[in-house]
Amino acid sequence: MSTPAAGCGEIREWLGAYVLGLLEPEEKRPIRAHLAECPACRSERDDLARVAALLRALTRPRARPGPAAAGGRNGQVVPRQR
């Protein structure tokens, strides 16, 4: 990847990769410098970070309840009522 320029439009093109941690250290430097000076881009970065966190939470595997938790006795599985 090439290093982004310091303008808002170009910085915003890189914010998704920045939030996801996909950029190399030299690619992050101009973005960090711009974010230090630009509240609009910081706000967009924060919005993207919230979306990324929500997506990570949705893709985490959840533990499935065992037969006892599903309402069965002695390991017996009881069908759910609809």
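**Figure 1. Overview of the protein chain.** The protein chain has three helices and zero strands, where helices (H or I, at least four residues) and strands (E, at least two) are DSSP runs numbered from the N terminus. From the N terminus on, the order is α-α-α. This is a predicted model, in which local features need pLDDT of at least 70 and side-chain atom pairs count only at pLDDT 80 or more, while totals for chains, interfaces and linings use all residues. Residues are numbered from 1 along each chain as its sequence is written, and side-chain values use heavy atoms, with hydrogens and water left out. Of the 82 residues in the protein chain, 18% are buried; buried means under 20% relative accessible area, exposed over 50%, and partly exposed in between (1.4 Å probe, protein chains only). The protein chain exposes about 6,500 Å², and carbon and sulfur atoms supply 53% of that area (Shrake-Rupley method, 1.4 Å probe; for residues, only the protein chains shown count as cover). Among contacts (heavy atoms within 4.5 Å) between residues at least 6 apart in sequence, 43% join residues at least 24 apart.

**Figure 2. The largest nonpolar core.** This core has 10 residues: Ile11, Trp14, Leu15, Ala17, Tyr18, Leu23, Ile31, Leu35, Cys38 and Cys41. The elements that give two or more residues to this core are α1 (8-19) and α2. Helix α1 gives the most, with five residues. A nonpolar core is a set of buried Ala, Val, Leu, Ile, Met, Phe, Trp, Tyr and Cys residues joined through side-chain atoms within 4.5 Å. Leaving aside residues up to four places away in sequence, Leu35 touches Leu15, Tyr18, Cys41, Arg42 and Arg45.

Figure 3. Glu27 is found in helix α2 (residues 25-37).

Figure 4. Side chains of opposite charge can pair when their charged atoms come close. A salt bridge is a side-chain nitrogen of Lys or Arg within 4 Å of a carboxyl oxygen of Asp or Glu, and by this rule the count comes to three. One of them joins the side chains of Glu44 and Arg12 (3.1 Å, N to O). Because Glu44 lies in helix α3 (residues 39-59) and Arg12 in helix α1, the pair ties together parts that are 32 residues apart in sequence. Glu44 is partly exposed at 28% relative accessibility, and Arg12 is partly exposed at 33%.

**Figure 5. Two further salt bridges.** Arg45 and Asp46 meet through their side chains (2.9 Å, N to O). Arg45 is partly exposed, with a relative accessible area of 22%, and Asp46 is partly exposed at 32%. The side chains of Asp47 and Arg50 also form a salt bridge (2.4 Å, N to O). Both Asp47 and Arg50 lie in helix α3, three residues apart, about one turn of the helix. Asp47 counts as partly exposed at 38% relative accessibility.

**Figure 6. Ala49 and Val19.** Ala49 lies in helix α3 and is partly exposed, with a relative accessible area of 32%. From C-alpha to C-alpha, Ala49 and Val19 are 5.8 Å apart in space, and they are 30 residues apart in sequence.
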